[in-house]
Amino acid sequence: MNKQIISFPVPKTGKISLVVAPKTVIHSLMSMLAVLALRGRVIVVDGGNCFDAYSLARALRRRTHQIQPALKAVQLSRAFTCYQMVAMLSELPVDGTPVIVLDLLSTFLDENVNFSKRQRLLESSLNLLRQISEGAPVAAWARAHPAAEGEYQQLLMPLLETAHDIWELQAPEIPDHQLPLF
Amino acid sequence: MPEFTGWLLDLFDDPREGLVLYFIDEKGAHHRLTRPFPVTFYALGSDAQLRALWRQLSNRPDEITLCRTHRMDVFKRQDVTVLGVTVKNPYQAGKIFHETAAQFPELEYADADLNISLRFAAETGAFPLCRCQVWSDEVGQLTHIKVLEDAWLLKATPIPLRTMSLAPDVAPHHAKPRYLIVEVAGEEYHLDLHTWRPLLINLRALIQRHDPDLLLTDWGDTWLLPKLMAQSEKYHIPLGLNREIGRGVSWHEERTYFSYGQIIFRGQQIHLFGRCHIDRQNAVLWNDYELDGTIEVSRVTALPLQTAARVSPGTGISSIEMLTALREGILVPWQKQQAEMLKPAADLFTADQGGLVYQPKIGVHKNVAEIDFVSLYPAIMVYFNISPETILPDPNGENLVPALGLAIDNSQDGLIPKALRPLLEKRIEMKKHLASTPNWDPFRKNFKRRASALKWLLVTCFGYLGYKNARFGRIEAHQAVTAYGREALLRAKEAAEDMGFEVIQLYVDGLWVHHPQKTRPEDIQPLLLEIQERTGLPISLDGIYRWVVFVGSRQNKKRAVANRYFGVFQDGSIKVRGIDTRRHDSTPFVSEAQMHLLELLASKDQPEDALPEAVDYLRARLRALRSGHVSLPDLLVRQRLGRKLEAYRTPSPAARAVMQLQAAGKEMRPGQRVPFIYTLGKPGVFAWDRPQAPNPHAVDVARYQRLLLRAAGIVLESWGMDEEKLTERVLSDASQLRLPVPPKQHPRKHRSNIPGVVHPAMDRALKGQIH
């Protein structure tokens, strides 16, 4: 399968790097994760159940024949609710281990939870990320929504304000009309 | 002295009297009793935070009492210090809790938003619809209640429920109803919906005379009761829908949600006080288990009947778990905080798998035994003690979960096994009882419906273990269940192969095996015993197929699909999975024809002998289709609207039908099923619920012909007659298509609540009556 891989610079201690991009960016993020995993332990917090182990394995295989140790170096935990996201970030070891947060906003878009409550929980999460970033590299990915408006926009704003480096990627436009077959 | 023996019909909180309970006694009379019923929720946090909360709440001594205590936190596997907030009147509890949570958002809360019937069941043992002895004092306060039949009893004494049925003559979203059909005490009344005043007076008189315990309605939640209440107010004729005087009805908002990858819509709900209301059109799984099953759900989940009728089996399972937790003194978290344990990415390859599936061998197989583990996943949870608190990360434990590196703590029973054990045992008992109950037994249907209700609860309990909002869910426990499931199926396969069987298919909890000399049920028993011995799990023979066919996928016929098959058991019964006749979005015209073909095949010793008859049948169905002798309701397709209309880039047929409805001023929500007919030209569909009558001549006959022949091809392909050959053969004798043919009676009559147009002439006659 032909996937366009973007080489993101690996995050640095003291900064929060943010990628705002559609779902297809996951392969590029797995590629960045592979680079980090070859250097040592990495923690992945997955907010959208989108961690792609196969993509990571492929990215590692391009860099090493010994992919098992690198796969073991990637420590993963998935959050399925915004409460879990906060709890998980608050329990992360603060020992300099790089932290990658996938689909950070997904659990905060859950309409079953009152919006003001979600905003407060997101604020707590961002505070925790700020604290973690003081001693460890932190990168986060926020999934871009085609119609970025309403609640999503209100949740994205504080995240943008928190991040130090921001990459914003757009999905290629799909033509409205049917492409010719020949 | 006991006041009376009866059944607990309904209970709810009340601003003045705390808890109100309605009972029916053995003579069918109802009794209203009350009881003070303080309820407690707990706050968890640091000492300083709890102290601040204490200070805040201690100035409301009239409403609240506070205590510092210890309760079991199942996720922390230990007792934790909590602040108990006891609200004297349960009616105030919700408001006080939400105020508290808003003021102290950083605290965790437990036992905060529980249904009052669960609290009552935990405290007294009495659950909705339980048979009990009741004592009360002279002012109508409940003093004592003793449960006579517990929820796990196989044969409970029938409740003398007085039921009144209310239904409009036609589906209100389809056409304007003309009269209201009332059925009560064996009588049927038709009340004219054009003259509201007499209707209200008559209906009120019927309610007063019969005093029903249960109102069973069609579209009562979404149309009938709101309409009746509006007219009742307009004409100042109170209907007395509630038994409880002075209370309005309780409205619950409509909602759309995701479940198992599908978008589901639930209409608004109307609950009554002291009398139950169930809208058959809005009740969950009503077509599957009706009132008997709903009563069963209410009893085992301890949810009030009106609630039990409308909640998903997942909520039912959650209630059973919460009730068990309350009884065990375990905190029920308001919002679960625990996330997945950090684990190496490599572990995902082994841990994050589902059930084991072994691709079947495509084609016809004769004398195949299907054996299934009995409620495999619930049985694993119960027998292997899988629960959020029993899963340990330590890989040094003795009871390692297969291939996961997780251990099970067997030092005590987990919460989930405790909650599920009686449910599982009842289901197994009921299955045994059903197997020995003859078809003529009048209680067989009742058992079947109740067994179905239990089956749905058990089917859901596994998914709920991994569901994000489940109070006692945990992803590692979810993964452990599937790991044990895969191991059990592999052991079963090995046992079968060791005993000389050929394994035709494995599918999550069942296996299909063949042995040329072992073709009777008693020949399979040794295999069942061997599997039970090797796995420790109950297994049973579903039946032995005379023949079974595994069909390929639609995209690639050579590629096997595990859940698409059909076959005939030795007793002549047919089992079908994954083909048109089982699909909800198939038209009755297609699914009934496919089933008829299966019945034809099943009726012959050699199925291929049925081919000429099958071809004749298909020709006849096509003639009927072309000559307008297939009723329009039989051509209806019902597809679910998967998203909001504006989210469609290329509208699906269902979306195009909804656009037509929208243009006619009718709103549809994602998750609702949209009935429509395929028509010629653009937009290619006609929404059935449009105000205009459909034009029978606009039906896209060619499309229905394709659908019919495709469905027939799936069934006949294994006997050399695939869709292509079938099309050629059926359409070859074109002269037959012009033969006059009388309307044909379907082998299996389609039952529909929507009045249909049977013939073009009748359709024209009806045109003027449909609005």
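This is a predicted model: local features need pLDDT of at least 70, side-chain atom pairs count only at pLDDT 80 or more; totals for chains, interfaces and linings use all residues.
Biologist: What makes chain B as compact as a globular protein of its length?

Modeller: The secondary structure of chain B comes to 20 helices and 31 strands. Its radius of gyration is 29 Å, close to the 28 Å that the globule rule gives for 771 residues, so chain B is as compact as a globular protein of that length. Along the principal axes, the C-alpha trace spans about 90 × 75 × 55 Å.

Biologist: How many of the contacts in chain B with a separation of 6 or more link residues 24 or more positions apart, and what share of the residues is buried?

Modeller: Residues 24 or more positions apart account for 67% of those contacts, and buried residues make up 55% of the 771 residues. The accessible surface comes to about 34,100 Å², with 49% of that area belonging to carbon and sulfur atoms.

Biologist: Why is D111(B) called buried?

Modeller: The relative accessible area of D111(B) is 3%, and buried means under 20%, so D111(B) is placed in that class. The residue lies in the loop between β7 (108-110) and α3 (116-124) of chain B, and has a positive phi of about 55° although it is not a glycine.

Biologist: How do you know that S375(B) counts as buried?

Modeller: Its relative accessibility is 18%, which is set against a limit of under 20%, and therefore S375(B) counts as buried. S375(B) is located in the loop between β21 (363-373) and α10 (376-383) of chain B; although not a glycine, S375(B) has a positive phi of about 45°.

Biologist: What makes β8 and β9 of chain B a pair, and in which sense do they run?

Modeller: Strand β8 (residues 131-136) and strand β9 (residues 142-147) share 5 bridges in the antiparallel sense, and two strands pair if there are at least two bridges between them, so these two strands qualify. V134(B) stands opposite I145(B) in β9(B), while in the hairpin, which has 5 residues between the strands, G140(B) takes a positive phi near 80°.

Biologist: Which residues of helix α5 of chain B are buried, and what follows the helix?

Modeller: In α5 (residues 220-235) the buried residues include W223(B), L224(B), L225(B), P226(B) and L228(B). Just after α5(B), H236(B) takes a positive phi of about 55°.

Biologist: What kind of peptide bond joins K682(B) and P683(B)?

Modeller: That bond is cis, with omega about 5°, and P683(B) is found in the loop between β30 (673-678) and β31 (685-687) of chain B.

Terms used: Residues are numbered from 1 along each chain as its sequence is written. Chains are lettered from A and ligands numbered from 1 in the order in which they are written. Side-chain values use heavy atoms; hydrogens and water are left out. Helices (H or I, at least four residues) and strands (E, at least two) are DSSP runs, numbered from the N terminus. The radius of gyration is taken over C-alpha atoms; the globule rule is 2.2 Å times the number of residues to the power 0.38. Buried means under 20% relative accessible area, exposed over 50%, partly exposed in between (1.4 Å probe, protein chains only). Contact means heavy atoms within 4.5 Å. Accessible areas come from the Shrake-Rupley method with a 1.4 Å probe; for residues, only the protein chains shown count as cover.
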